Amino acid sequence: MFLLKDVKYKDILYIKDLEIPRKKITSIVGESGSGKSTLLKLLNKLISCDTGDVFYNNQPLSEIDSVELRRNVVLLPQSPSIFSGSIKDNLLIGLKFSEKPLASDKKLVEVLKLVKLNKELSEYANNLSGGEKQRLAIGRVLLLEPEVLLLDEPSSALDEDTENMIIMALVNYTREKNKTLIMITHSKNVAYQFSDRIIEIKKGTVIN
């Protein structure tokens, strides 16, 4: 699905050869500052490499319209934005930005159940805890139904038990819907338990 050849970005990342498979769970692990988030940003053209090529479905990213790419390859940053308004407003805003049909309340409730967020659609989003806001943002991304989910530490604000529940829900969703999940995780236990492929980055270079 993704192929990186001789990719260099500033002094942060240098990847000689890396392939990320389609319809699999791939975890990216490594020390803080090793270049993990930079790699995710390269995959949906939030940034572009200085040299080398990144391919998506055998096509160079340089030849793919950025907006069109981001409809299929959605990135959720480590500290996602929460907008003023209700939980429902926050779930729908991604669909509005992407100019996709709005989901029914029934669908929104199903997504809240999927991310283990036991709240009413009418509740005010800014009243949620940090972990609840993170789960709300994950729900917003799932509603977009992209081909590829790029998640930067999707469970960083969660306790261990909730982390396992959310990662399991994401993995099950990915497999049931035939999607591709690429996530950065701080937990090697999560990576080894749930991943089909683990990519370890050290000082900007892939070491396995």
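In what order do the six strands of the open sheet lie? In this predicted model, the order is E6-E7-E8-E3-E9-E10, and the pairing is mixed.

**Sheet**
- Strand E6 (73–76) and strand E10 (205–206) form the edges, each pairing on one side only.
- Strand E9 (residues 197–202) runs antiparallel to E10, and two bridges join them.
- Lys202 has Thr205 in E10 as its bridge partner.

**Helices on the sheet**
- Helix H5 (residues 130–144) packs on the sheet, where it touches E6 and strand E7 (148–152). The direction of H5 makes about 175 degrees with that of E6.
- Helix H6 (residues 160–176) lies across strand E3 (25–30), E7 and strand E8 (180–184). Relative to E8, H6 runs at about 155 degrees.

**Largest pocket**
- The largest pocket holds about 580 Å³ of space and is lined by 20 residues.
- Nearest its centre lie Val74, Leu75, Phe97, Ser98 and Leu144.
- Helix H2 (66–72), E6, helix H3 (87–97) and H5 each give two or more residues to this lining.
- The lining of the largest pocket comprises 12 nonpolar, four polar and four charged residues.

**Second largest pocket**
- The second largest pocket holds about 200 Å³ of space.
- Helix H4 (105–114), H5 and H6 each supply at least two residues of its lining.
- Among the lining residues are Lys107, Glu110, Leu142, Glu145, Tyr173 and Glu176.
- By class, this lining has six nonpolar, one polar and five charged residues.

Definitions and conventions: Residues numbered from 1 in each chain as written. Predicted model: local features only at pLDDT ≥ 70, side-chain atom pairs only at ≥ 80, totals over all residues. Heavy atoms only, no water. Pairing = 2+ DSSP bridges. Helix = DSSP H or I, 4+ residues; strand = E, 2+ residues; numbered from the N terminus. Contact = heavy atoms within 4.5 Å. Axes fitted to C-alpha atoms, helices over the stretch in contact; angles between N-to-C directions. 1 Å grid on protein atoms, 1.4 Å probe; cavity = no way out; pocket = protein on both sides within 12 Å on 5 of 7 lines; lining within 4 Å. Points joined across faces, edges and corners; volume = space filled by probe spheres on them. Nonpolar A, V, L, I, M, F, W, Y, C, P; charged D, E, K, R; others polar.
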